[in-house]
Amino acid sequence: MRRKQLFESGLILSIAPAIRPLAGARRLDLVGVLMVAMAIICTGCSSKNEKPAPPPPGVTVTPAVQKDVPIHQEWVGTMSGNVDADIRPKVDGFLLSKLYTEGSYIEKGTPMFQLDKRQAQAAVEQAQGNLERARAGLGQAQIDVRRYTPLVAQKAVSQAELDKALSAELAGKAGVDANQAVLDNAKLNLGWTTVTSPISGIAGVSKVQIGDLMTPVTIMTTISSVDPIFVDLNVAEQDYLRFVREKTGRAAAQDLQLILGDGTVYPRRGHALFVNREVDSRTGTIQVRCQFPNPGNVLRPGQYARIRAVTELRKGAVLIPQQAVSELQGVYQVGVISTDNKVTVKTVKLGPQSGEMWVVESGLQAGENVVVDGLQRIKTGMTVAPTPFKNTQPASPTGGM
């Protein structure tokens, strides 16, 4: 640059003395020639310093693949025990002790709570005494019948006396039976002062404290039988009708996959038990109950769950990676690279997802190269430098909505 300035200055100084003695018109012509020469010199210098054109931007591309794809659908549900039994006492009484470990697995018939049984014990003893008195009365009536029977034949006692004795015998038998029933009921009440588990399952937290007065409406705790465990979910009415009509839907109901709250897939498969009798008019959904084996009682009631099933087999579906799709206001676009590395941005219609891939329903042909990385840097007509895309993402379980 410095050399250029010295050259121009020297040129002007060498021409200037020749311009001064000339007449006005000729001087103006010569000045014009001088300016043209300077422009040519400057143009030559600038052309020598012009920067080269930038290289085309690099992008990674992958071809759209075509294959048969199982389409999955998911629903959100909650788990519940196949039996959830609320434990209530059958009799009144103060709670004296808790006999089980909260959260443990207990067998049917295991004692769980002990109520004060003194009142029930007294009722048993009272009923026992009344029964013995009734038996004594019955014995006396039977003796009278045996005594009066031969005397009536001898005309020593009237028939009325014998009839009275027979009636007393029948009343005595009824009294014995009634008092026996009272005794049996008293013994039941005595036994019910020890509250036992009606089923085998996981025992919940106790909802009562020592010293509380228990009544038959008091819920003391809850026991859940969780093997197998149920999952309740709500299916849209449209999906329900489609599953009923199509064979794939009916088959899917017998091969369900359970995804737990942490995203892991439960290793055992389940199946649908039944569909509820009605569609909820408020939500437009119908309840479906599913069943999964639960050895070890790992799954518990109330857990969040996602149920996944194959609802369709899409034949010859065109697939592209999810990161190859750009979305703006509900419009989906992909960048397609031609054989001469020219870019064409196309609008596509997407279907369901299959793992890390999108199913393309229209707008793209199998085998066309789509831009995976660098989609934001391109536009239609641009020339790019494509390189093959290498998927470094870990494989995820196939699924989609």
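Leaving aside neighbours within four places in sequence, which residues is Leu 258 in contact with? Leu 258 is in contact with Met 79, Thr 264, Val 265, Tyr 266, Phe 292, Leu 299, Ala 305, Arg 306 and Ile 307. Contact means heavy atoms within 4.5 Å.

## The model

This is a predicted model, in which local features need pLDDT of at least 70, side-chain atom pairs count only at pLDDT 80 or more, and totals for chains, interfaces and linings use all residues. Residues are numbered from 1 along each chain as its sequence is written, and side-chain values use heavy atoms, with hydrogens and water left out.

The secondary structure of the chain comes to 6 helices and 19 strands. Helices (H or I, at least four residues) and strands (E, at least two) are DSSP runs, numbered from the N terminus. Of the 401 residues in the chain, 34% are buried. Buried means under 20% relative accessible area, exposed over 50%, and partly exposed in between, with a 1.4 Å probe and protein chains only. Among contacts in the chain with a separation of 6 or more, 76% join residues 24 or more positions apart.

## Nonpolar cores

A nonpolar core is a set of buried Ala, Val, Leu, Ile, Met, Phe, Trp, Tyr and Cys residues joined through side-chain atoms within 4.5 Å. The largest one has 22 residues, and Met 79, Leu 258 and Phe 292 touch the most other members. At least two residues of this core come from each of β2 (65-87), β9 (221-236), β12 (285-292) and β13 (304-321). β9 gives the largest share, 5 residues.

A second, separate core has 16 residues, including Ile 87, Tyr 100, Met 214 and Ile 223.

Helix α4 (residues 159-191) has 33 residues and should span 48 Å at 1.5 Å a residue; its end C-alpha atoms are 48 Å apart, which agrees. The expected span is 1.5 Å times one less than the number of residues. Among the buried residues of α4 are Leu 162, Glu 169, Val 176, Asn 179 and Leu 190. Their cover includes α3 (118-153) and β6 (194-196).

The axes of α3 and α4 come within 7 Å and cross at roughly 160 degrees. That makes α3 roughly antiparallel to α4, a term for angles over 145 degrees.

## An exposed loop residue

Gly 302 lies in the loop between β12 and β13. Gly 302 counts as exposed because its relative accessibility is 59%. The C-alpha atoms of Gly 302 and Val 231 are separated by 9.3 Å, although these residues are 71 residues apart along the chain.

Conventions: Axes fitted to C-alpha atoms, helices over the stretch in contact; angles between N-to-C directions. Parallel < 35°, antiparallel > 145°, perpendicular 65-115°, else oblique.
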